[in-house]
Amino acid sequence: MDRRKKLGAKIVYFRKLKAFTQKDFAEQVGVSRQYLSRLEHGQCECSLEMIYSMASALNIEPEELIKDL
């Protein structure tokens with residue numbers, strides 16, 4: 001599995017763990033639901049700034065999203 005798909009799977013895991021819908025989580029991090037969906041499916045690159053925004057919204061450390069990629 002490539003790193004984009006691994007990252008996407010982690011985003012989905014933590015988002016669901018916190019009971020966020022895609023729509024609600026996308027609003028929290030300031031992106032469209034469509035863009036979030038593309039991230040979750042490993043269809044696009046994710047900036048470091050976006051990693052930090054998502055981690056903050058999920059109340060986790062950014063390393064949780066990027067370790068073991």
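**Group meeting: how H1 meets H3**

Okay, let's start with two helices: the axes of H1 (residues 3-17) and H3 (residues 33-40) come within 7 Å and cross at roughly 120°. That makes H1 oblique to H3, the term for angles that are not under 35 degrees (roughly parallel), over 145 (roughly antiparallel) or 65 to 115 (roughly perpendicular). Axes here are lines fitted to C-alpha atoms, for helices over the stretch in contact, with angles from 0 to 180 degrees between N-to-C directions. Helices are DSSP runs of H or I, at least four residues, numbered from the N terminus.

Quick caveat: this is a predicted model, where local features need pLDDT of at least 70, side-chain atom pairs count only at pLDDT 80 or more, and totals for chains, interfaces and linings use all residues. Residues are numbered from 1 along each chain as its sequence is written, and side-chain values use heavy atoms, leaving out hydrogens and water.

So who touches whom? On the H1 side we have Arg4, Gly8, Ala9, Ile11, Val12 and Arg15, and they meet Leu36, Leu39 and Glu40 in H3; contact means heavy atoms within 4.5 Å.

Now look at Arg15, in helix H1. Buried or exposed? Arg15 counts as buried, because its relative accessibility is 7% (buried is under 20% relative accessible area, exposed over 50%, partly exposed in between, with a 1.4 Å probe and protein chains only). Leaving aside residues up to four places away in sequence, Arg15 touches Phe20, Thr21, Gln22, Phe25, Leu36, Glu40 and Leu58.

Last stop, Ala19, in the loop between H1 and helix H2 (22-29). Its phi is positive, near 65°, and Ala19 is exposed at 65% relative accessible area.
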